[in-house]
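The following note sets out, point by point, what may be said of the structure shown below.

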Amino acid sequence: VFPAIEITASGCTVRGLVIGNFKGSGIQVNEASNTVIAGNKIGHSSIYGNWSNGISLYEATNTTIGGLTEADRNYISGNGHDKYGNGISVTRGGNNTIQGNYIGVNASGTVADRNVMYGIYIFESNGNIIGGSAEGAGNVISGHDSSYAGVWLSNSSNTTIQGNRIG
């Protein structure tokens with residue numbers, strides 16, 4: 001099953017798109033580095049979420065999802081079909097930054113619009129930053145199914161989770 005956008009080249013930017021109703025992930029980054037994903041609406045039940053993850057990183061490094069300004073914020077919600085689908089999935093790779101996003105909530109950040117599983121899922125990926133101490137760095141991560149965590153880490157080290165609003 002193919003994503004809406006698949007990135008395999010380094011140094012790419014995805015900005016200002018509305019991505020929904022694809023049978024794969026909304027955006028998938030494979031074995032690339034220095035990618036920026038900012039200012040997008042990915043999923044949302046109002047346009048029907050993507051069937052898999054909102055954003056998937058596989059062996060990606062130095063990828064930035066979101067940013068410190070409202071213009072950089074991604075809205076990632078309503079993804080997953082029936083049994084699986086995370087807001088953001090990071091597998092292997094590392095040194096990625098996830099900041100300033102609304103994950104699993106509507107555009108105002110006040111109403112749940114859940115992804116089927118985790119808000120952020122990280123597996124075997126080291127040195128990531130989720131949120132931060134700078135103004136605008138924190139993510140809003142909520143609305144996920146009560147069986148799943150807002151942020152899930154496994155076999156990952158040196159990850160910083162700071163300044164987020166989770167729950």
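This is a predicted model: local features need pLDDT of at least 70, side-chain atom pairs count only at pLDDT 80 or more; totals for chains, interfaces and linings use all residues.

1. The side chains of Arg92 and Glu124 form a salt bridge, with an N to O distance of 3.0 Å; the term denotes a side-chain nitrogen of Lys or Arg within 4 Å of a carboxyl oxygen of Asp or Glu. Arg92 belongs to the loop between strand 10 (88-91) and strand 11 (97-99), and Glu124 to the loop between strand 13 (120-123) and strand 14 (129-131), so the pair ties together parts that are 32 residues apart in sequence. Arg92 is partly exposed at 33% relative accessibility, and Glu124 is partly exposed at 29%. Buried here means under 20% relative accessible area, exposed over 50%, and partly exposed in between (1.4 Å probe, protein chains only).

2. Residues are numbered from 1 along each chain as its sequence is written, and side-chain values use heavy atoms, with hydrogens and water left out.

3. How many salt bridges does a search of the whole structure find? The search finds two. Besides the pair in point 1, Asp72 and Arg15 meet through their side chains at 3.0 Å, N to O. Asp72 counts as buried, at 17% relative accessibility, whereas Arg15 is partly exposed at 45%.

4. Most residues other than glycine have a negative phi.

5. The chain contains zero helices and 18 strands, where helices (H or I, at least four residues) and strands (E, at least two) are DSSP runs numbered from the N terminus. The radius of gyration is 14 Å, close to the 15 Å that the globule rule gives for 167 residues, so the chain is as compact as a globular protein of that length. The radius is taken over C-alpha atoms, and the rule is 2.2 Å times the number of residues to the power 0.38. Along the principal axes, the C-alpha atoms fill a box of roughly 35 × 30 × 30 Å. Buried residues make up 50% of the 167.

6. Six strands form an open sheet with parallel pairing, in the order 3-6-9-12-15-18; two strands pair if DSSP finds at least two bridges between them. Strand 3 (18-19) and strand 18 (165-166) stand at the edges with a single partner strand each, so one side of each has no neighbour in the sheet. Within this sheet, strand 9 (residues 75-77) and strand 12 (residues 102-103) run parallel and are joined by two bridges, with Tyr75 partnered by Tyr102.

7. Strand 10 pairs in the parallel sense with strand 7 over four bridges, and four bridges also join strand 10 to strand 13, again in parallel. Ile88 is the bridge partner of Ile55, and Ser89 stands opposite Tyr121 in strand 13. From strand 10, Ile88 and Val90 point one way and Ser89 and Thr91 the other, all four being buried.

8. Which residues have the most contacts inside the largest nonpolar core? They are Ile27, Val29, Ile55, Ile88 and Ile120, in a core of 22 residues. Such a core is a set of buried Ala, Val, Leu, Ile, Met, Phe, Trp, Tyr and Cys residues joined through side-chain atoms within 4.5 Å. Strand 4 (27-30), strand 7, strand 10 and strand 13 each give two or more residues to this core. Leaving out residues up to four places away in sequence, Ile55 touches, among others, Ile27, Ile37, Ile76 and Ile88; contact means heavy atoms within 4.5 Å.

9. Leu57, in strand 7 (residues 55-58), is buried at 2% relative accessible area. Beyond its neighbours within four places in sequence, its contacts include Val29, Ile65, Val90 and Asn96.
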